[in-house]
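Here are my notes on the model you sent over.

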Amino acid sequence: MEKLAIHGGNPIRTQPFPQWPVWGKEEEALLQEVVHSGKWGGSGRIRTPGGRSKLELLEARFAALQQARYAISTVNGTLAITVALKAAGVQAGDEVIMPAYTFIATASAALLFGAIPVFADVEEETLQIDPEQVEALITPRTKAILPVHLGGAAADMTRLKAIAAKHQLRLIEDAAQAVGTCWEGTGVGAIGDLGTFSFQSGKNLTAGEGGMILTDDEELAGLAWSYANVGRVRQGAWYQHERIGWNLRMTEWQAAVLLAQMDRLKEQLATRERNAQLLNRLLGKIPGVKLVKSDPRVTRHARHLYLFRISATRAKKEELLQAVQAEGIPLSPGYVTLNCHREVLRSIRDWTGKERTDACPVAERMAEREAFWLGQAALLADEEAMLDIARAVEKVLAYYGTNEGDDT
């Protein structure tokens, strides 16, 4: 048996994976335009000499990409969720149902002003929020459902929209990882009442930081804009503050970078999809590996993450992770579950005065034992890199052995 690299053997891959972010002269040219415009901030009230600001152009272009009527740029994706929740009428003490298997920001965005996360389990096949779990968790205190489009796929928006309508709840999409994703032909973020996106450093579309809120509802768009612009109203006077809001604006610098980044998005989406399909074919043949499925109603997948499961091995997750990484593959263990997260539970207790426990056994099993990730930058590599990923996983699993076929 071939010796693992972690034990002194030769690694499968010695070549680096693509760097991220990708950038070039396009970003430089647009940033230079911002320098000379004299408009660097994001007030949304000052026109540049040449016409529309970079922020206005970005908002229009991003709304068109996801097929939404309105787009409101924000300082980051976390506070985009907070603003969307506020615009939707969520208040301190209201419950917001979200998946347990997500980044902490989905919960902390609500906890920032005292909205209470309620954690639903995920579907084993897709790792997306389980709609039936969502409906079972609804109480008189529930105000909103906050699905996360994990990895660039999409939650079951058809079922979730029906549940939200039945119970008269707001539906707010956390689409931080899903720039370009479509559900039944419609861009995510434009399906619920509001949708939010992130442009943080690792995202498929990045300016280092930044966020976006989408909606088709004019009133919700006005409220979101106001909350992100210190309580002003779009047509009001400069010092007319109609509500308590905050300065949560993106800058012209970020908008310029994102406009250039968007020019590469279509080609990058195609590359990631092609490599993801190749990995599906390669990894799907390896004993012990289970592919994470995408609902066929996901008509375009952003492929922010490539997720797969190893569920039939005698080794611990950390052993497998370190062994594959030693083979030159940038594998990640993924999230911890928020329903078990000490600080999230402490914050809920601080706001409510009560302990809260939400049982999410599938999410917990994925986090503790089974789920592994490859980031979107790895999916921008060439075909040989995908072959190396599969070779490394196969080599490691052959060494540790699997329990497939066992009766226990």
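The points below go from the overall fold to side-chain contacts and then to the backbone.

1. First, the ground rules. This is a predicted model, where local features need pLDDT of at least 70 and side-chain atom pairs count only at pLDDT 80 or more, while totals for chains, interfaces and linings use all residues. Residues are numbered from 1 along each chain as its sequence is written, and side-chain values use heavy atoms, with hydrogens and water left out.

2. Overall fold. The protein chain has 12 helices and 14 strands (DSSP runs numbered from the N terminus: H or I of at least four residues for helices, E of at least two for strands). Its radius of gyration is 22 Å, close to the 22 Å that the globule rule gives for 408 residues, so the chain is as compact as a globular protein of that length. That radius is taken over C-alpha atoms, and the rule is 2.2 Å times the number of residues to the power 0.38. Along the principal axes, the C-alpha trace spans about 75 × 55 × 35 Å.

3. Of the 408 residues, 56% count as buried; buried means under 20% relative accessible area, exposed over 50%, and partly exposed in between, with a 1.4 Å probe and protein chains only. Take contacts (heavy atoms within 4.5 Å) between residues at least 6 apart in sequence: 72% of them join residues at least 24 apart.

4. Salt bridges. The structure holds 28 of them, each being a side-chain nitrogen of Lys or Arg within 4 Å of a carboxyl oxygen of Asp or Glu. One of them joins Arg365 to Glu370 at 2.9 Å, N to O, and Glu370 is buried at 6% relative accessibility. Another pairs Asp295 with Arg297, also with 2.9 Å from N to O; here Arg297 is partly exposed at 27%.

5. A charged network. Which residues are linked with Arg13 by salt bridges? Glu384, Asp388 and Arg391 are in the network with Arg13. Within this group, Arg391 and Glu384 have their closest N and O atoms 2.9 Å apart. Both are partly exposed, Arg391 at 35% and Glu384 at 39%. Arg13 also has its charged end over the ring of Phe17, 4.6 Å from the centre (the cut-offs: NZ of Lys or CZ of Arg within 6 Å of the ring centre and within 35 degrees of the ring normal).

6. Aromatics. There are 10 aromatic pairs, counted when ring centres of Phe, Tyr or Trp (its six-membered ring) lie within 6.5 Å; planes under 30 degrees apart are stacked, over 60 edge-to-face, and the rest tilted. Phe62 and Phe197 are edge-to-face, because their planes sit at 80 degrees, with the centres 4.9 Å apart. Since Phe62 is in helix α2 (residues 54–66) and Phe197 in strand β8 (residues 194–198), this pair ties together parts 135 residues apart in sequence. Phe62 is buried at 0%, and Phe197 is buried at 1%. Elsewhere, Tyr101, Phe103, Tyr335 and Trp373 form one aromatic cluster.

7. Backbone spots to check. Most residues other than glycine have a negative phi, and most peptide bonds are trans. The bond from Trp20 to Pro21 is cis, with omega near 5 degrees, and Pro21 lies in the segment before α1 (25–37). Gln168 has a positive phi of about 55 degrees without being a glycine; Gln168 is in the loop between α6 (157–166) and β5 (170–174) and is exposed at 76%. Glu184, also not a glycine, has a positive phi of about 50 degrees and is partly exposed at 46%.
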